[in-house]
Amino acid sequence: MKKNIDSQDIDFQRDRIDLRDTIKKYSYYWKFFLIGIALALALAFAYLKFATYEYEVSSTILINDEENDGGSTSEISVFQDLGLFAGPKTSIDTEIGILKSKSIIERVVKDLGLNITYFVKNGLVTKEIYKDQMPFKIHFLLNDQGLNNLNSSFTIKSISNNKYELFDSNGNKISTGGFGEKMSWDFGDIIVTPNQIENKEQSEILIKISPLEEVAISFKKRIEITAENPKSNLLILKLQDPIKQKAIEVLDSLVWYYNQDAINYKNLIAKNTNEFLNSRIDDVSAELTGLDQGVETYKSENQLSNIDYESNITLASNASLTKQIAELNSQLKLIDYLIDYMSTNKDDLIPDNLGMLDDNMNQNAIKYNNLLLDRNRILKGANSENPIVLNLNDQIKSLRESIDRSLINQRSSLRITLNEARRQEEKLNSQIYSTPKKEREIKVITRQQEIIETLYLYLLQKREENSISAAVSAPYAIIIDKAYGSSVPVAPRKIIVLISSLLLGFLIPAFILMLKALFNNKINTYEDVKNTVNAPLIGDIPKANIKKGIISFGTKKNDHIVESFRLLRTNIIHQLSGKSRHTIFITSTMSEEGKTFISTNLATSFALLNKKVLLIEANIRNPKISHYLKLKSEHGLFHFLTDENLKAIDVITHYKDQNFDIIDAGVTIGKPSEVLNSDRFEELLNYGKTNYDYVIVETPAVNTDSDTLMLAHYADLFLYTIRANYLTERLLSVPKMLHEKNRLPNMNILMNAIDYNKLGYENTNVKKSLWKRIFR
């Protein structure tokens with residue numbers, strides 16, 4: 001249990017060290033991060049200086065819901081619990097769609113002239129101006145259709161109080177004109193007038209004319225309309241624009257046009273009802289006039305003046321019945337008018353509030369008109385396949401059929417009631433046996449006259465009520481807050497731009513370094529090696545500025561490299577403890593990994609302990625030690641192996657500067673395998689073990705030839721050199737195979753040319769430019 005806890009503590013400590021090392025490694029590039037942050041801030045300040053600032057304008061309106069304000073459609077709410085007549089309910093989403101419809105926005109753009117924009121140059125910035133800010137105005141002498149479809153731009157520059165110059169979109173001068181004079185242009189004539197009598201010289205504005213539809217679509221995308229909350233009829237309209245005054249006028253105009261459309265839709269029913277009443281009043285008036293004339297003629301012809309006292313008594317008793325018959329006849333005629341009207345006007349509004357005795361009939365007419373009105377209004381902002389429109393069409397059809405049936409049923413009921421009243425009247429008439437025939441006839445004519453007169457007065461009353469209702473139509477959208485905006489711009493936000501630039505200034509260099517590390521497939525540290533090769537690490541040698549030669553162990557120069565060789569020497573002594581004579585082989589995967597540098601300086605390090613050291617250059621294919629140490633010898637390893645008359649002492653050269661002996665390769669041959677694989681090489685090694693404390697053998701790279709593998713069994717210790725930032729990860733399969741199959745006895749990894757600065761450690765002796773650190 002204790003062992004497990006210790007292991008966890010070690011792993012935790014290792015994670016902490018890795019994190020610390022990562023921070024140190026990135027801190028090596030602090031200048032690069034500093035430059036990135038400085039450049040990002042400079043770009044942010046430049047952007048903020050030349051950016052076009054936008055202001056947000058908002059307006060709040062209340063959508064008038066007739067169902068909740070006691071309007072004419074409030075009775076329909078009775079049926080909503082049954083799932084009927086859901087169409088007329090005000091839909092906030094629908095009203096938002098109507099407000100943002102292209103047709104309304106196009107009228108706003110056209111009314112405010114927003115398809116024509118004006119710009120002035122202020123240094124490097126081109127700024128839009130609006131209305132009173134313009135030094136002069138341009139009047140276009142062409143029709144609306146031509147101006148609305150135009151896509152052009154030109155520049156006007158005043159050169160005096162009376163003259164100006166005209167330039168095309170490419171900056172080419174077209175002509176010179178005078179203020180107030182007509183000038184011809186590609187798309188038509190224009191007249192330029194100054195806003196002030198004394199115009200500033202050198203005033204210059206750029207005029208851009210865009211198609212009206214494109215500008216409307218642009219505003220449609222920019223206008224934001226949202227409900228204050230899901231249960232409220234309050235709508236909040238927002239618009240961002242560089243010119244606050246223009247945004248205010250756009251929102252106010254949008255609400256105004258929306259209200260105008262809603263009022264126009266509401267007045268349609270009043271207009272149709274008024275037309276129906278006028279036509280019926282004319283007919284009834286003509287009929288009433290004819291009856292009046294008939295009564296006058298009848299009385300004149302029959303010399304009638306007053307009704308007898310007995311007739312008055314009888315008629316008085318029948319007065320209520322006569323009144324009932326008159327009302328029934330009025331209702332029958334009104335129903336006949338409506339049936340005739342509906343049969344000839346299939347898709348028009350039905351006159352409502354005509355005072356039908358059947359309240360359900362009156363309410364159905366109101367419901368039908370409201371449904372038809374809502375459908376026509378929604379069609380302005382949607383197509384005929386819209387689910388809401390389809391739902392309304394079904395309800396309109398169903399309600400019209402219900403109205404038709406109600407009219408027919410009511411007419412039949414009234415006729416039955418009327419017939420019953422007439423039968424009762426006949427009974428009363430039979431009692432008036434003494435009434436002269438002429439009196440009875442005048443009674444019939446008078447009754448008909450009363451019926452028509454009652455209907456005539458009723459229609460006049462309804463026409464007046466309809467006129468009053470049309471005159472007091474309320475707006476559909478009630479303005480709660482007119483459009484207003486803050487003087488502080490909402491975009492771009494300075495604090496956000498500055499914070500973003502700081503983050504980008506830090507993240508971009510970090511991202512570049514991460515990409516560099518991601519695409520770097522070279523081995524940099526032992527951590528990269530141990531994931532593949534499970535061989536122990538015996539030491540690591542820092543990267544040195546020197547390319548050839550032996551480092552100076554007696555001075556402070558390159559002391560970090562000296563200390564690394566001392567540590568390597570100590571580790572080797574510990575590895576080979578218990579033996580008096582040692583053979584150390586040094587190899588690598590590829591050439592140019594520093595075997596010669598390691599061999600010579602390791603020999604020097606042991607020599608400083610007054611140990612007898614023999615360095616053998618067994619890399620006959622590509623020898624470098626003699627060039628490295630600038631030695632010249634008559635005989636070398638090749639001569640000893642091929643000439644049996646030579647003794648070991650004959651090929652050994654003493655290197656006085658560092659007090660160790662060396663056997664160089666002698667000559668370079670293409671195929672040294674047969675030469676090295678001989679008893680003479682074993683004889684040479686035995687001589688070295690007998691007469692020296694350490695025999696260091698530099699062998700060829702294992703990935704280029706097989707010489708090292710043939711000599712491997714002679715080694716007491718193998719130093720497998722891996723050069724950092726040189727060997728690729730793919731080639732780690734070579735030392736992995738050699739270690740797993742034990743082809744190199746006592747194999748230890750020696751990392752060479754480690755850049756401690758990139759690992760987070762300071763190295764004052766290695767000075768490089770910032771860009772070489774990053775991109776080398």
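What follows is a walk through the fold of one chain, from its overall make-up down to a few individual residues. The model is a predicted one, in which local features need pLDDT of at least 70 and side-chain atom pairs count only at pLDDT 80 or more, while totals for chains, interfaces and linings use all residues. Residues are numbered from 1 along each chain as its sequence is written, and side-chain values use heavy atoms, with hydrogens and water left out.

To begin with the overall picture, the chain holds 25 helices and 21 strands; helices (H or I, at least four residues) and strands (E, at least two) are DSSP runs, numbered from the N terminus. Of its 776 residues, 43% count as buried. Here, buried means under 20% relative accessible area, exposed means over 50%, and partly exposed is in between, using a 1.4 Å probe and protein chains only. As for contacts (heavy atoms within 4.5 Å), 78% of those between residues at least 6 apart in sequence join residues at least 24 apart.

The axes of helix H16 (residues 559-575) and H17 come within 10 Å and cross at roughly 75 degrees, which makes H16 roughly perpendicular to H17. Axes are lines fitted to C-alpha atoms, for helices over the stretch in contact, and angles run from 0 to 180 degrees between N-to-C directions. Angles under 35 degrees count as roughly parallel, over 145 as roughly antiparallel, 65 to 115 as roughly perpendicular and the rest as oblique. On the H16 side, the residues that meet H17 include Phe565, Arg566 and Arg569, and their partners in H17 include Asn601, Leu602 and Phe606. The residues of this contact divide into nine nonpolar, two polar and two charged. Asn601, which lies in H17, is buried at a relative accessible area of 0%. Its C-alpha atom is separated by 9.2 Å from that of Phe553, 48 residues away along the chain.

Next come the rings. A search of the whole structure turns up nine aromatic pairs, counted when ring centres of Phe, Tyr and Trp (its six-membered ring) lie within 6.5 Å, with planes under 30 degrees apart called stacked, over 60 edge-to-face and the rest tilted. One of them, Phe606 with Tyr694, is stacked, at 4.0 Å centre to centre and 25 degrees between the planes. Phe606 lies in H17 (residues 595-607) and Tyr694 in strand E19 (residues 694-698), so the pair ties together parts that are 88 residues apart in sequence. Phe606 is buried at 0% relative accessible area, and Tyr694 is buried too, at 6%.

Ile479 lies in strand E13 (residues 477-485) and, at 41% relative accessibility, counts as partly exposed. Leaving aside residues up to four places away in sequence, Ile479 touches Thr60, Ile61 and Val255. Asp664 is found in the loop between strand E18 (660-663) and helix H21 (673-676), and is buried, with a relative accessible area of 9%.

Definitions and conventions:
Ala, Val, Leu, Ile, Met, Phe, Trp, Tyr, Cys and Pro count as nonpolar, Asp, Glu, Lys and Arg as charged, and the others, Gly among them, as polar.
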